[in-house]
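Subject: Structure handover

Hello,

I am passing this structure on to you. Please look through it first; my notes follow below.

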Amino acid sequence: MKLRYIFLASFIICVTSLWAVNADGVMKNVLTKYRTSTCLSANLAITAGKNTSKGTIIMQGNCFKLQTLELRCWYDGKNLWTYSKDVGEVNLTSPTNEELQSMNPYIALRNYKTDNIVSLLKSYDSDSYVLKLVPKSTKKSTYREIVISVSKTSYYITKAVIVMANGQQSSIHITGYRALNKYETQFFKFSASEVPKATPVIDLR
């Protein structure tokens, strides 16, 4: 009889633990972890089709600075400057969330409750939670879904797979998170000293 009660109590604890893990709870932990980290740097590997670009990103609140061999981006929370080595110019735009999240998946989480339906998927990696974000309004959205992998220990995003409305897919792998001291906002604005001399800036806002 005593063994039966012990088994029943263990079963209830296990089931309760499973119920305690839900999409909203994981998402809140991810956002809390990011917001309490003043400034972060990490390594990136961005894959689109057969092409993969590796680089680094520095993230602070709504701002970020990204650099790969082919591309440099500065985002100050409002304006995005993009320098392409192949094109040889800097484009200045006022980007949408959809455009930003292909470079920084944390952008996709800013308004996740109002913009997306979030669900917790089965993970085949015991070290990660897997979340799927589907836009509430498919007519207005340029993406079909975003699948995010989150470390169970650090609650940092380790991977994001973005499926666009037209079926095209891209992925971002993030590793090597490091805490940094806070930067001034100017750090996330374009500086002519960081690109070849006389590089034109095209204002597309």
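**Helix 2**

The buried residues of helix 2 are Ala23, Val26, Met27, Val30, Leu31 and Tyr34; buried means under 20% relative accessible area, exposed over 50%, and partly exposed in between, with a 1.4 Å probe and protein chains only. They sit on the same side of helix 2, because they cover an arc of only 130° around the axis, the arc being that of the directions from the helix axis to the C-beta atoms. On the other side of helix 2, Arg35 and Thr36 are exposed.

This is a predicted model, in which local features need pLDDT of at least 70 and side-chain atom pairs count only at pLDDT 80 or more, while totals for chains, interfaces and linings use all residues. Residues are numbered from 1 along each chain as its sequence is written, and side-chain values use heavy atoms, with hydrogens and water left out.

Helix 2 covers residues 23–36, and its 14 residues reach 20 Å from first C-alpha to last, close to the 20 Å expected at 1.5 Å a residue. That expected span is 1.5 Å times one less than the number of residues. Helices (H or I, at least four residues) and strands (E, at least two) are DSSP runs, numbered from the N terminus.

The open sheet has 12 strands in the order 7-8-9-10-11-1-2-3-4-5-6-12, with mixed pairing. Strand 7 (116–121) and strand 12 (201–203) are the edge strands, each pairing on one side only; two strands pair if DSSP finds at least two bridges between them. Strand 2 (residues 51–60) and strand 3 (residues 63–68) run antiparallel and are joined by six bridges. Ile57 stands opposite Leu66 in strand 3.

**Aromatic pairs**

Eight aromatic pairs turn up in a search of the whole structure. Rings of Phe, Tyr and Trp (its six-membered ring) pair if their centres lie within 6.5 Å; planes under 30 degrees apart count as stacked, over 60 as edge-to-face and the rest as tilted. The rings of Tyr34 and Tyr106 are stacked, because their centres are 4.4 Å apart and their planes at 15°. This pair links distant parts of the chain, 72 residues apart: Tyr34 is in helix 2, and Tyr106 is in the loop between helix 3 (97–101) and helix 4 (112–115). Both Tyr34 and Tyr106 are buried.

Phe187 and Phe188 form an edge-to-face pair, 5.1 Å centre to centre with 90° between the planes. Phe187 is partly exposed, at a relative accessible area of 23%, whereas Phe188 counts as buried at 0%. Tyr183, Phe187 and Phe188 form one aromatic cluster.

Regards
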